[in-house]
Amino acid sequence: MGGEKGEAHKVEGSYPLRAPKPVGQRISNIYRDRIAQFYSHGQWEKVNLNAMMNEGTASGHPHVKLYVWNAPGQERPTFKEAVKHDFAPTEVGKWFGPSWSTHWFKALLIVPEELQDKKHLEFQWDGHNEGMVWTEDGKPLQGLTGNGERTEWILPTSFRDGKEHTIYIEMACNGMFGNAPGGDSIQPPNPDKYFQLSKADIVAVNMQARQLWIDIWIIGDAAREFPQDSWEEHKALNVATEIIDTFELGNKDSIVKCRKIAQQYIGENVDSAKVYKTGTEPMVYGIGHCHIDTCWLWPWAETKRKVARSWSNQCDLMERYPELNFACSQAQQYKWLKEEYPYVFDRVKEKVKGGQFHPIGGSWVEHDTNMPSGESLVRQFVYGQRFFESNFGERCTTFWLPDTFGYSGQLPQLCRQAGMTRFLTQKLSWNNINKFPHTTFNWVALDGSQVICHMPPSETYTAEAHFGDVKRSISRHKSMDQDPRSLLVFGKGDGGGGPTWQHIEKLRRCRGISDTVGLLPRVHMGKSVDDFFSQLEPEADKFVTWYGELYFELHRGTYTTQANNKKFNRMSEMMLRDVELLATIASIKDSTYRYPKKNIDDMWEGVLLCQFHDCLPGSSIEMCYDDSDKVYEKIFHAGHKILKDLYHTLGISEVKSCTVDQAMALNTMPWPRKEIVETSADECGVACGNGSILSVKPFKAGGDEEGVVVEEVREGVFMMQNENLQVTIENGCITSLYDRKAEREVIPAGGKANQFVIFDDKPLYWQAWDVEVYHLDTRKELQSSITNICEQKAHRVSVVTETKISDKSSIKTTLSLSAALKGQPSYVECTSEVEWHETMKFLKVEFPVEVIHTEASYEVQFGVVKRPTHYNTSWDMAKFEVCCHKFADLSDYGYGVSILNDSKYGFATVGNLMRLSLLRSPKAPDAHADMGSHKIRWAVMPHQGSLGPETVRAAYNFNNPLKLLSATSGVRQGTLNKHGQWPVRITGDPSLVLDTIKRGEDDEDVSRGDLATKKGQRVILRVYESLGGRSRGTICFDWDVKKVYKSNLLEDELETVDLDRGKFNVDLKSFEVATYCLVLS
């Protein structure tokens, strides 16, 4: 014990006694940098993986023979038109242009014998511009992007016979982002840009080498982007290093070995969709998308070709990649495809039926939501959903609007009423002041309606499907405590294109990494957007809420840029309201009058198209506004023709002048009006009544109506006065506005209302889009010349002032005050004629008022939004420029001031200073934006009490003046209405607005046959509560109505409404929009 000897313990193993050589620690950053060298172009491309990408190439005669026909000017001829012409020989290296021209190529291809047995043959074409491959018999097959992207078209097996085969390529002389000079895509296009055809080859591709490229690209990303203290990062670096060391130039077997090594990290199944069938729970759902701006840096005509190119690409990819699910919005683009590319449209329908191609969004275009009227937002859904239902058999359930510049607080309500419970956007990630705090949340409208909203945390709708995009889908997810799942929207976008084969291959490897190594969020392909939201819905009761508008803290200049375009939008919306109203009445009154549904549809589709989120906001190139001007011209022409026909049917005619005793006035507003109308240059009358045709009585100052006077009280100082207001004007500015009824001064002491101010307007980058907060520091008052009296009539007085802006720009401003009419508000009206030729300047007009409140009210769609008048927080200050419609208002409990306008959308209220934005002068992407002459109207309307129906109605009336009529056949006031009333009318709380009266979309005498018709006649009424409180009223009508039901926006019956002897009751919540259908006997 303690001293025994035993056998010595032997250590078995091969561990050597002595170190054979020094081994150093790997310098990781050098090895990481080496990875990209393995597959990059440049000085290493002849000795790295690129040198083995191809197994053979055939170019030039006799294998590739090229011929071209150059279309004249900017014509975009169809295939049938193009092939009628003679084609001249051409070759690689030639230049084609200028910008926006089209060139048709005939390519005669013979695959050489040595390539015929190769596994994968492509025809690779790069004209550094967009193109389309067509079959010899005129079928569009696939789009080409150029500049090294999407330059390949896979040759059919039938081309491997050694014989000559013909294809056509349509070349468009523009890049994916138009024709901007240099590298700045938003600069005005270069009209004289040319493009060189640099490649037209038959290529045999080494598919194992191509797949290895994707393998090491993604493994290299893991080595670069995983935490450097993680074993997953070290493993990625080890695998990438082993691949590079194993590769032997010229040895195809080494590529196979390299791919085997890659499987250690990405798994064995990345070459097929089988990689997704592991039964493990994914976190990120990939959905292919192709955002195509309906216009932006290219005209509409080019968009039509972009759609065909992009969507044919996706149909092709779906046949090779069964996991690809592709979501695409904008019914307008589908309609263009159906009309101009029926072969591609049929392919799309086949893929929709097969469950891979998903129409989404439910709207006509991806529209702006700040400036369109409430009814325009409704019609975006009506026309969009009806198109999708009639062509694909289903309506959309997800509203898809990733790229719009802010989101109206009424959208959730309208979405729900259009059959959509989900909403996807992304743009708020661009905020440049405050970070939006949520990814997945319940978005709540002004009336309390809600939708589930998801903002992809990868913060893009054009993801390149990189490793980092998948990683960011979780690392930037702001709602992880509620639901960690996210959507990854990937594919070339803005200019179109959509997913590429590289995107899909990369995502396969990302999934392989997640299941093999871990750490990377597990991405899944094969589900739709609706599938994704369906998984969220059961959890939605615990999601956070966001109430009201989603204000975008960028692109605030879009409320003002391209003033004429915005004015035409407002005018066309008002015209369509009148057309539908009068046509509805006429079609019921006169059985021989046919409701002009096709013309109305064409008008609406034009308006909705021009509301696209780069058109109406003013952020497109000049060519787009040439296009939109033509569209509006057609709209106004069609509208005037319909109205002329309606007047004839109704026995009235619109006139420029007549005597008072012959005069009538057309009122299309749903409330009584009493206004002065000029019947001639020397005569006026007072139109008064509650119906559509108002009688006109002579205006007699001193009777029921008080007159109005103007006088020069001292040199250069003028006073206008009626029974309600006393206005003092000096140098074009209102220095006093005294409310005689309230005995209250509206303008603070020393203040100047109607003061023009100009600002330097140089944003950080996005010229047409942005106005930055620092522009406010450059405020400069414009000094006006002497004011003169220009009108002095019993019913109206006016003074005129000229203001010099610069040597090139000026303003002629007329301030008018009309005689006060009992029971009607008075306001000071301003008409400005601006000659505008500035560079990066912003013109506004200011109104300091003697009212203090922390919030101002702004009219929006179907209601009002209150926004801060202070800068307490960065969220408050971010709203230094906001959007409003027909009025803005600053009121306290007992008094307020409303600013009305006829065509403007930009506004700001800071403290007690109200400021209407008038004109901008950006130089990109349209170098001539807003240059020229403008006529703008606004009014200052003081009122007693807080904001009320008086302002709402005055703003409508301001935008829809009474029209002077005369009877054509002895018809007087009863033409459109019985006993001086509308055939349909609303009474009760004055906050209720009967905004729309139209015929049912599917009435048998109206329907165009796109959906099933309904027997009989229907009248659709849209009513909303305008001020933010529960309101009750009664709708009465003179028609023979057998049934009334409440419907959604799409006119589906929801619930029957009790009908009581020609009337029914309405009861609406705050800002609720309600649609009622009257079924006529």
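**Entry 1**

I began with helix 13 (residues 529–536), which lies across strand 16, strand 17, strand 18 (440–444) and strand 19 and runs at about 120° to strand 17. I counted contact as heavy atoms within 4.5 Å. Axes are lines fitted to C-alpha atoms, for helices over the stretch in contact, and angles run from 0 to 180 degrees between N-to-C directions. Helices (H or I, at least four residues) and strands (E, at least two) are DSSP runs, numbered from the N terminus.

I note the basis here: the model is predicted, local features need pLDDT of at least 70, side-chain atom pairs count only at pLDDT 80 or more, and totals for chains, interfaces and linings use all residues. Residues are numbered from 1 along each chain as its sequence is written, and side-chain values use heavy atoms, with hydrogens and water left out.

An open sheet of 5 strands runs 16-17-19-18-22, with mixed pairing. Strand 16 (398–400) and strand 22 (545–547) are at the edges with a single partner strand each, so one side of each has no neighbour in the sheet. On average, neighbouring strands of this sheet are turned by 30° against each other, direction ignored. Two strands pair if DSSP finds at least two bridges between them.

Strand 17 (residues 422–424) and strand 19 (residues 450–454) run parallel and are joined by 3 bridges. F423 stands opposite C453 in strand 19.

**Entry 1. Helix 3 against helix 12**

Two packed helices are described by the angle between their axes and the distance between the axes. For helix 3 (residues 207–225) and helix 12 (residues 501–516) I have an angle of about 55° and axes 10 Å apart. The two helices are therefore oblique to each other; angles under 35 degrees count as roughly parallel, over 145 as roughly antiparallel, 65 to 115 as roughly perpendicular and the rest as oblique.

The crossing of helix 3 and helix 12 is right-handed. A crossing is left-handed if the near helix is turned anticlockwise from the far one by less than a right angle, and right-handed if clockwise.

On the helix 3 side I listed R210, Q211, W213, I214, D215, W217 and I218, which meet W501, Q502, E505, K506, R509, C510 and I513 in helix 12. The residues of this contact divide into 7 nonpolar, 2 polar and 5 charged. Ala, Val, Leu, Ile, Met, Phe, Trp, Tyr, Cys and Pro count as nonpolar, Asp, Glu, Lys and Arg as charged, and the others, Gly among them, as polar.

L519 has a positive phi of about 75°, although it is not a glycine.

Helix 6 (residues 300–320) and helix 8 (residues 342–354) cross at roughly 45°, and their axes come within 10 Å. This crossing is left-handed. Helix 6 contributes A308, W311, S312, C315, D316, M318 and E319 to the contact, and helix 8 contributes V344, R347, V348 and K351. By class I have 6 nonpolar, 1 polar and 4 charged residues.

Helix 7 (residues 331–340) packs on helix 9 (residues 374–392) at about 45°, with axes 9 Å apart. Helix 7 passes helix 9 in a left-handed crossing. A331, Y334, K335 and K338 of helix 7 make the contact with G384, F387, F388, N391 and F392 of helix 9. This contact has 5 nonpolar, 2 polar and 2 charged residues.

I next looked up an open sheet of 3 strands in the order 49-52-55, with antiparallel pairing. Strand 49 (984–988) and strand 55 (1063–1068) stand at its edges, each with a single partner strand, so one side of each lacks a neighbour in the sheet. The twist averages 25° from one strand to the next. Strand 52 (residues 1031–1037) is joined to strand 55 by 6 bridges. The bridge partner of S1031 in strand 55 is L1068.

**Entry 2. Cis peptide bonds**

I found the peptide bond from H61 to P62 to be cis, with omega near 0°. P62 is in the loop between strand 1 (54–59) and strand 2 (64–70). The bond from G97 to P98 is also cis, with omega near 0°, and P98 lies in the loop between strand 4 (95–96) and strand 5 (102–109).
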